[in-house]
Amino acid sequence: MQRFACLKTLAPLAGDALVVSSAGAVTLEWNALRPSGGNFRVRTLGLCSSIALGMALGLPEHKVIALDGDGSLLMNLSTLPTIARMKPKNLLHIVFDNEVYEASGSKKTATGAGTDLVGMARAAGIETAHWVDSVDAFAQAAKRALSARVRALSASRSVPSALPWRLTQSTKSKTSTALSVTSKRSPTSKF
Amino acid sequence: MNSTEAAQTIVAALCGAGINFVATLPDINLSELLQAVEESRELIHVPVCREEESIGICAGGYLVGKKCAAIMQNGGFFNSNNAIVSTLLQYQIPLLLLIYYAGDVGDRTFSTTGGLTEPVLQALGIRYYIMRATEDAAELIRRAQILTEDSKRPVALLLTKEFLGRRAALRAF
């Protein structure tokens with residue numbers, strides 16, 4: 001499955017969302033599909049999701065999309081518990097997992113040796129992170145995530161109001177994608 | 001003043017300087033300050049797991065119009081260096097770095113970290129001010145915010161135990 005094909009389905013859905021794309025070709029691909037002053041190119045590997053989180057928390061009524069990669073996320077795994085803890089309603093975190101450091105000579109990342117980023121996201125507290133297997137499924141999940149409505153807070157923090165998913169894509173033999181959006185703010189103290 | 005009063009003073013100073021978004025990671029000496037940040041109704045508080053995240057989160061906050069500060073220990077500042085260089089300095093993004101000064105004169109255990117803090121700040125070209133008198137908090141933080149916004153570079157404020165109300169101030173400083 002091609003990352004570009006997934007991005008093509010995302011572009012018309014993104015609207016005026018701010019999009020933060022990781023250091024790598026994903027930035028070139030995204031900017032070709034949706035050129036915009038609202039696209040931000042990350043230079044520090046790993047920081048994509050942190051920058052996106054900062055934007056999302058700073059503009060809670062505006063959608064923010066992170067186009068992340070496995071090499072990037074592996075470099076900043078701390079982002080997962082932080083995102084889970086902050087639970088921004090407006091952040092969509094997409095991870096394209098192609099199991100290599102694509103911009104650095106395509107050496108394998110740890111996901112190429114078996115590390116499961118969806119499992120790590122779930123264990124970090126992004127409870128409904130999951131894989132998606134096709135471009136169509138990606139498109140549907142993205143559409144659902146971007147049109148997710150804000151619901152009233154509940155007393156429990158155990159069940160999110162709108163389901164987050166995690167989308168990651170592998171361009172190697174196992175094609176799988178997972179999309180993540182955290183879409184409910186917990187009323188309990190986060191500190 | 002004691003550490004709780006110092007914490008309130010520092011938070012008031014941050015708010016007075018226009019800060020509305022703070023990313024933090026704890027240190028025992030920052031306990032009261034972080035509690036005051038959490039309790040402040042004027043500050044968005046983002047507790048992180050690793051200080052490098054704070055740099056990205058504050059950069060994102062800045063890009064959408066927030067005025068940000070990152071509170072960490074100097075060891076955490078060392079953790080953040082690549083993010084500081086390739087995001088803040090690269091993109092000319094201002095940020096107030098409130099860095100607890102472990103290994104200051106009189107401390108045990110942290111002399112290596114303490115001894116390298118100022119040289120590393122200097123090497124990165126980050127202007128820094130060692131804060132010793134809590135009474136100066138409001139004015140110095142206000143000035144530091146002017147400097148960071150005007151220069152579009154991070155500015156560091158090194159927080160000493162005296163400043164945090166945890167040790168008696170010396171006339172020497």
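Visitor: What makes a residue pair a polar contact here?

Guide: A polar contact needs a pair of N or O atoms within 3.5 Å; within protein, one must be able to donate a hydrogen and the other to accept it. This is a predicted model. Between chain A and chain B, 4 residue pairs are in polar contact, with both residues at pLDDT 80 or more.

Visitor: Which elements of chain A supply the side that touches chain B?

Guide: β2 (39-41), α3 (48-58) and α5 (79-86) of chain A each supply at least two residues. The largest share, 7 residues, comes from α3(A). By type, the residues of that side divide into 12 nonpolar, 9 polar and 4 charged.

Visitor: How many residues are in contact across the two chains?

Guide: In chain A, 25 residues are in contact with 26 residues of chain B. The chains bury about 2200 Å² between them. Of that area, 67% is on carbon and sulfur atoms.

Visitor: How many salt bridges does the rule find across this interface?

Guide: The rule finds 0 between chain A and chain B. Over all chains, the whole structure has 13.

Visitor: Why is the pair Arg3(A) and Glu102(A) called a salt bridge?

Guide: Their side chains meet at 3.0 Å, N to O. The cut-off is 4 Å from a side-chain nitrogen of Lys or Arg to a carboxyl oxygen of Asp or Glu, so the pair Arg3(A) and Glu102(A) qualifies.

Visitor: Where do the two partners sit?

Guide: Arg3(A) is in helix α1 (residues 3-14) of chain A. Glu102(A) is in the loop between β5 (100-101) and β6 (107-108) of chain A. They are 99 residues apart, and the pair links distant parts of the chain.

Definitions and conventions:
Residues are numbered from 1 along each chain as its sequence is written. Chains are lettered from A and ligands numbered from 1 in the order in which they are written. This is a predicted model: local features need pLDDT of at least 70, side-chain atom pairs count only at pLDDT 80 or more; totals for chains, interfaces and linings use all residues. Side-chain values use heavy atoms; hydrogens and water are left out. Contact means heavy atoms within 4.5 Å. Buried area is the accessible area (1.4 Å probe) that two parts lose on being put together, summed over both. A polar contact is a pair of N or O atoms within 3.5 Å; within protein, one must be able to donate a hydrogen and the other to accept it, and residues adjacent in sequence count only if both atoms are side-chain atoms. Helices (H or I, at least four residues) and strands (E, at least two) are DSSP runs, numbered from the N terminus. Ala, Val, Leu, Ile, Met, Phe, Trp, Tyr, Cys and Pro count as nonpolar, Asp, Glu, Lys and Arg as charged, and the others, Gly among them, as polar.
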